[in-house]
Amino acid sequence: MDLSKIFRKDACPTKMGGQAVMEGIMMKGEEKTALAVRLPGGDIKIETMKTKQPGKWTRIPIVRGVAAFVDSLVSGTKILMKSADILAEYEDEEYEESRFEKWLNNKFGSDAVWNFMIYSSVVIAILFCVGIFIILPTGVVNLMKLVTDSIFWLNFTEGAVRILLFVLYVWVISFMGEIKRVFQYHGAEHKTIHCFECGLELTPENCRQFPTLHPRCGTSFLMFVFIIAFILHFLLGWPNLIFRIVSRLLLLPVIAGISYELLKWAGRSDNIVVKVLSLPGLYLQKITTKEPDDKQLEVAIAAINAVRSDAAVGTIVISKDKKEEKEAEEETPTEVKPLKSALRRRRFI
């Protein structure tokens, strides 16, 4: 792994970040957020909205990490479901609601049902992660007490099993067709942000030269979470099973907060300590990112340009031949700020 291509000295790190979704990318800037999705016919649909401004908690270390983690779960689920809805609108086969769905919409309203689906999805995802990656490892390793009473080896084995389960889970789902394409868009997001932070013109040719790995990726955050948990759990010894599970759940906010601070530090530094700490997350990104094609890079570029544009928020559709831009909601001329001048005005993070 060539770390000099990932921690680039000629780059100006920004606060822009993204998320790969179904056949597209969400890109979030300080003022605007854009969702770009490649439609079945080849066009790119872009929806832009104002970015929710951070509250006072962003000034409080550790606490801001917990709040950012919860917000990313909710907003990430929303944007993922939104991309699926956009694709469903353009499918040839018209979707027919079931009786139960019609009853829910009539009884509570479509907005209430939508919010319920989002938050219930987040709750289910959290319960799944807690059950598989927290309760299961500590329960299974508890059987080791039949072999050893060493607190060190019990904690070490629990942490190793937890990390192994997570990596194995990510590796297995990476072979699924739809997930593989999401991971390709994840790679396109990283390449495009690298290109933008280096001040180059955003073209597929320029983006292609950059790696799919990025030091500020959310995947690295997750790996930080597992490593910090690995360390902190040693401090608690090896109490009985119930207390052990409860203590690990109560520590989650602290672990998330510390991991967030480490990720921010890694994003603005390139010293040897940061590089060593970032290695586990970067190696995990080798699974969660795949080499994108030019069409996927075009979607990532469209998302960044929409965030940088001075146009009003709204929805546009860019035709696949790039010769015609059809505006769906707003008819405001789009002016994109020059790359290098925009970066020189301020060094973010």
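## Helix 4 and its length

The expected span of a helix is taken as 1.5 Å times one less than its number of residues, and helices (H or I, at least four residues) and strands (E, at least two) are DSSP runs, numbered from the N terminus. Among the buried residues of helix 4 are Leu 154, Arg 162, Phe 166, Val 170 and Ile 173, where buried means under 20% relative accessible area, exposed over 50%, and partly exposed in between (1.4 Å probe, protein chains only).

Helix 4 (residues 151-173) packs with helix 9 (residues 272-288) at an angle of about 25°, the axes of the two being 9 Å apart. That angle makes helix 4 roughly parallel to helix 9, since angles under 35 degrees count as roughly parallel, over 145 as roughly antiparallel, 65 to 115 as roughly perpendicular and the rest as oblique. The contact is made by Phe 166, Val 167, Val 170 and Trp 171 on the side of helix 4, and by Leu 284, Ile 287 and Thr 288 on the side of helix 9. Here the axes are lines fitted to C-alpha atoms, for helices over the stretch in contact, and angles run from 0 to 180 degrees between N-to-C directions, while contact means heavy atoms within 4.5 Å.

## Basis of the model and its confidence

Residues are numbered from 1 along each chain as its sequence is written. This is a predicted model, in which local features need pLDDT of at least 70, side-chain atom pairs count only at pLDDT 80 or more, and totals for chains, interfaces and linings use all residues, while side-chain values use heavy atoms, with hydrogens and water left out.

The mean pLDDT of the chain is 81, and 85% of its residues reach 70 or more, pLDDT being the predictor's confidence in each residue, from 0 to 100. Over residues 323-349 the pLDDT is below 50, and this stretch has 61 contacts in the model beyond near neighbours in sequence.

## The chain as a whole

The chain has eleven helices and six strands, and buried residues make up 44% of its 349 residues. Among contacts between residues at least 6 apart in sequence, 72% join residues at least 24 apart.

Helix 5 (residues 177-197) has 21 residues and reaches 31 Å from its first C-alpha to its last, close to the 30 Å expected. Helix 5 is mostly covered, with 16 of its 21 residues buried, and Gly 199, whose phi is positive and near 75°, follows this helix.

Helix 10 (residues 294-308) has 15 residues and reaches 21 Å between its first and last C-alpha, close to the 21 Å expected. Twelve of the 15 residues of helix 10 are buried, so this helix is largely enclosed by the rest of the structure; the buried residues include Leu 297, Val 299, Ile 301, Ile 304 and Val 307.

## Residues in loops and in helix 1

Glu 23, found in the loop between strand 1 (17-21) and strand 2 (24-28), has a positive phi of about 55° although it is not a glycine. Ile 62, in the loop between strand 4 (44-50) and helix 1 (63-89), also is not a glycine and has a positive phi, near 70°; Ile 62 is partly exposed, with a relative accessible area of 33%.

Phe 69 is found in helix 1 and is partly exposed, with a relative accessible area of 29%. Leaving aside neighbours within four places in sequence, Phe 69 is in contact with Phe 221 and Ala 256; Phe 69 and Phe 221 are 152 residues apart along the chain, and their C-alpha atoms are separated by 9.6 Å.

Leu 213, in the loop between helix 6 (204-208) and helix 7 (218-232), is buried, with a relative accessible area of 6%. Beyond neighbours within four places in sequence, the residues in contact with Leu 213 include Met 1, Ile 6, His 190 and Leu 282.
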